[in-house]
Amino acid sequence: MRVQAGHRRIATVAVTVLVFVALLLVGTSVQVPYVALGPGPTVNTLGEVDKTPVVDIQGAPTDPTTGHLNLTTVSVTDRLSLFQSIGMWMSGTYTLEPREKVFPPDQTADQVRQENQQQMTGSEDSATIAALRHLGRPTKLVVGVVADGGPATGVLRPGDQVVAVAGTPVSTSAQMQAAVRGRVPKSQLPVEIVRDGVRQTVTVTLGSRPDDPKVGYLGVTPEVVNGDPSLKIDYNVGDIGGPSAGMMLSLAVIDRLSPGELTHGKFIAGTGTITDDGQVGPIGGITHKTRAARDAGATVFLVPDRNCAEATGDAPDGLELVKVTTLDSALSALDDIGAGRPAPHC
């Protein structure tokens, strides 16, 4: 009987060890279909990355700047084991999201990275134009892409400067789209352009929008470009993608090309997309970005108004959340902060 009891104890210990080893193997080797999102790097848009200015301006006098206007990012940790995912979730610093939300199953990781980089490039272009428009520097609304076989094919060309649509002066993509909106298919649309230095009016017979056959369709993608060929503005943000750095880059351009300092000696951080006419849009991962900013030393964070509710739900201590809707409102808020006046808060 004692021998049998001893055998049972040995068997129990052996089974326990095997189960423990199996769980250990599963927990450390099996990947879960989630990614961990957390605070990412912050970059001072008034500073340098790898000894190169983040905002590099050539062809115009620049004003010396100091202080911080930091863009913020969200880190993504992929290929998590079961134990890693549990540990990161329990830390309170990270959130878990289904992997397919970050890496769609119909795209490779390289395709996702390329898309993020394209979004960053578009954000940089919009940041430049929004800043130049605020500063009153020359910009041009041009035809970027003409859809193959679309209504404008053979009438408008890439690079044509668009001056007016149906008699309405236009200088932004939104204004051009608004001038076309509401017109019906097969209607004649006069477009005033400058081509090869010659001002002229061409007429496009509108087609039907693919998604709404009752709405007129021009078939071009407009874009606003720098109107001063001697002025060159380049960006060096390192390995950062996506559109959410636009507002902070635009503020840095304005700070460099205008007298005084937007920061007024404070450590400012923020986030937000931007359009060529200065509209600030919402982003993802706001609470991770506010935490990253506070950890870096920021005391003021510029928040797109549509992110305010989420941002205030988990705001780090010592970080003032300032609500912005446009580039002008961000500049006004910074002036208020510098003068000791109340700024719009989330």
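1. Let's start with a cysteine. Cys308 is buried, its relative accessible area coming to 8%. Keep in mind that this is a predicted model.

2. What does Cys308 pair with? A disulfide links Cys308 to Cys346, with 2.0 Å from S to S. Using a cut-off of 2.5 Å between sulfur atoms, the count comes to 1 disulfide. The link of Cys308 and Cys346 is left-handed, at -55° about the S-S bond.

3. Now for where the two ends sit. Cys308 belongs to helix H8 (residues 308-313) and Cys346 to the segment after H9, so the pair ties together parts 38 residues apart in sequence. Cys308, as noted, is buried.

4. On to H9 itself, which is residues 327-339. Helix H9 packs with helix H4 (residues 109-135) at an angle of about 65°, and their axes are 11 Å apart. Angles of 65 to 115 degrees count as roughly perpendicular, and that makes H4 roughly perpendicular to H9. The H4 and H9 crossing is right-handed.

5. Which residues make the contact? From H4 come Ala130, Ala131 and His134, and from H9 come Leu327, Asp328 and Leu331. Sorted by class, the contact of H4 with H9 has 4 nonpolar residues, 1 polar and 1 charged.

Note on methods. Residues numbered from 1 in each chain as written. Predicted model: local features only at pLDDT ≥ 70, side-chain atom pairs only at ≥ 80, totals over all residues. Heavy atoms only, no water. Axes fitted to C-alpha atoms, helices over the stretch in contact; angles between N-to-C directions. Helix = DSSP H or I, 4+ residues; strand = E, 2+ residues; numbered from the N terminus. Parallel < 35°, antiparallel > 145°, perpendicular 65-115°, else oblique. Left-handed = near helix turned anticlockwise from the far one by under 90°. Contact = heavy atoms within 4.5 Å. Nonpolar A, V, L, I, M, F, W, Y, C, P; charged D, E, K, R; others polar. Buried < 20%, exposed > 50% of the residue type's maximum accessible area, 1.4 Å probe, protein only.
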